[in-house]
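Please read the following note with the sequence and the model open side by side. It is written for a reader who is new to describing protein folds.

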Amino acid sequence: MKARFIILLTIFVVVAQYVWGTEPSGKTTHLYAVKGTDSLRLDHYAAPVEGLRPCVMFVFGGGFSHGVRDKEADMPYFEFLQRNGYDVVSIDYRLGMRDAKGVGVLDFFPLFRNTINLAVEDLFSATTFVVEHAEEWNIDPTKIIATGSSAGAITVLQGEHTICNGLPLASLLPDGFNYAGVISFAGAVFTLGGAPEWSATSAPTLLFHGNSDTQVPYNKMALFGCGMYGSKYIAKHLREAGVPYWFYSVEYQTHAMAWEPMHNNHAEILLFLDEFVAKGNRQQRDTHIRDLSRPERKTFFLPTDYLNSNY
């Protein structure tokens, strides 16, 4: 009876690790910056692989008002990356919308611009910290990939847009640095200065988004060039700029695309990391999924819909 119990327990543990993953190992925590009253830290999860390793940096979501770098629900994603030979670095950043509940439309735009700039600044500071410790940590500084969910996806896309357009915040990074790739889970780029543009120097980008997202625009929410430009808009302009990208969209899907691909789209993420980043293949892909069991939902939204959904 005891032997049978041990066998069943062993089978359960093996199946559980296969289905749910395990906790990432090798974690160390580092203070990467002090900005005002904020002490910003990052968690480094080293992959159990000899030699130089690529590194995936992760920026959590939460509407720039809440969230933590070590959320339990994100751990399976970190473990999946680590298991496939990628170090993971998950970062703190300043939450500029923490006290923004009830903010009006006119006040929202300048506040949001400042909030995103703070997040991008912190992402760049954390990236510089990783580059400075790359030799010590056995990280290949030419293979650093930026990923983020929701507000974190906005941050990494905004960061890449900042780099490839040579905007002032890019000076926080080492000379000539660019990410080897960008993975966005329901992200967008924000601008008050006209429609954003991308150059041929942009990093290969994987964009996940659902067209019924009420929290981050799937296409764009703009007036006179000011507003949010989502994954569909970004993919179109990357295509025109001749930049490698993969746009993975799901019809009638909600903001769940900010986290579901981290658990359900490992094959696509690994293929992107292998083909677009590691091998440098110059491809452009558009994948549009329609799940016939998914109910039809509204796909057109006003600015007030996004404000009400987030704040």
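1. Basis of the note. The structure is a predicted model, in which local features need pLDDT of at least 70 and side-chain atom pairs count only at pLDDT 80 or more, while totals for chains, interfaces and linings use all residues. Residues are numbered from 1 along each chain as its sequence is written, and side-chain values use heavy atoms, with hydrogens and water left out.

2. The nine-stranded sheet. Nine strands form an open sheet of mixed pairing, in the order β1-β2-β4-β3-β5-β6-β8-β11-β12. Strands are DSSP runs of E with at least two residues, helices are runs of H or I with at least four, and both are numbered from the N terminus. Two strands count as paired if DSSP finds at least two bridges between them. Strands of a sheet pair through backbone hydrogen bonds, either parallel or antiparallel. At the edges stand β1 (27-35) and β12 (284-289), each with a single partner strand, so one side of each has no neighbour in the sheet. From one strand to the next the twist averages 15°; such angles run from 0 to 180 degrees between N-to-C directions, with axes fitted to C-alpha atoms, for helices over the stretch in contact.

3. Strand β3 (residues 53-59) pairs with strand β4 (residues 87-91) in the parallel sense over five bridges, and Val56 stands opposite Val88 in β4. Six bridges join β3 to β5, again running parallel, with Ala146 in β5 as the bridge partner of Met57. Ala146 also stands opposite Val182 in β6. Strand β5 (residues 139-149) and β6 run parallel and are joined by five bridges; here Ile145 faces Gly181 in β6. Four bridges then join β6 to β8 in parallel, and Phe185 has Phe208 in β8 as its bridge partner.

4. Is strand β6 (residues 181-185) mostly covered or mostly uncovered? It is mostly covered, as five of its five residues are buried, where buried means under 20% relative accessible area, exposed over 50% and partly exposed in between (1.4 Å probe, protein chains only). Gly181, Ile183 and Phe185 lie on one side of β6, with Val182 and Ser184 on the other, and all are buried. In β5, eight of the eleven residues are buried.

5. Helix α5. Together, β5, α5 and β6 make a right-handed β-α-β unit. A crossover is right-handed if, with the strands pointing away from the viewer, the path from the first strand over the helix to the second runs clockwise. Helix α5 (residues 151-164) also lies across β7 and β10, at about 60° to β7; contact here means heavy atoms within 4.5 Å.

6. The three-stranded sheet. A further open sheet has the order β7-β10-β9 with antiparallel pairing. Its edge strands are β7 (188-191) and β9 (220-223), each pairing on one side only. Four bridges join β7 to the antiparallel strand β10 (residues 226-230), and Ala188 stands opposite Gly230 in β10. Helix α6 (residues 231-241) packs on this sheet, touching β7, β9 and β10, and its direction makes about 80° with that of β10. Helix α6 also lies across β8, β11 and β12, running at about 150° to β8.

7. Aromatic pairs. How many aromatic pairs does a search of the whole structure find? The search finds 20. Rings of Phe, Tyr and Trp (its six-membered ring) pair if their centres lie within 6.5 Å; planes under 30 degrees apart count as stacked, over 60 as edge-to-face and the rest as tilted. Phe177 and Tyr179 form an edge-to-face pair, 5.1 Å centre to centre with 85° between the planes, and both residues are buried. The pair of Phe208 and Tyr248 is tilted, at 5.2 Å and 55°. Phe208 lies in strand β8 (residues 205-210) and Tyr248 in strand β11 (residues 245-250), so this pair ties together parts that are 40 residues apart in sequence. Both Phe208 and Tyr248 are buried. Ring pairs link a cluster whose members include Tyr45, Phe58, Phe185, Phe208 and Tyr248.

8. A charge over a ring. The charged end of Arg285 sits over the ring of Trp246, 5.0 Å from its centre. The criterion is that NZ of Lys or CZ of Arg is within 6 Å of the ring centre and within 35 degrees of the ring normal.
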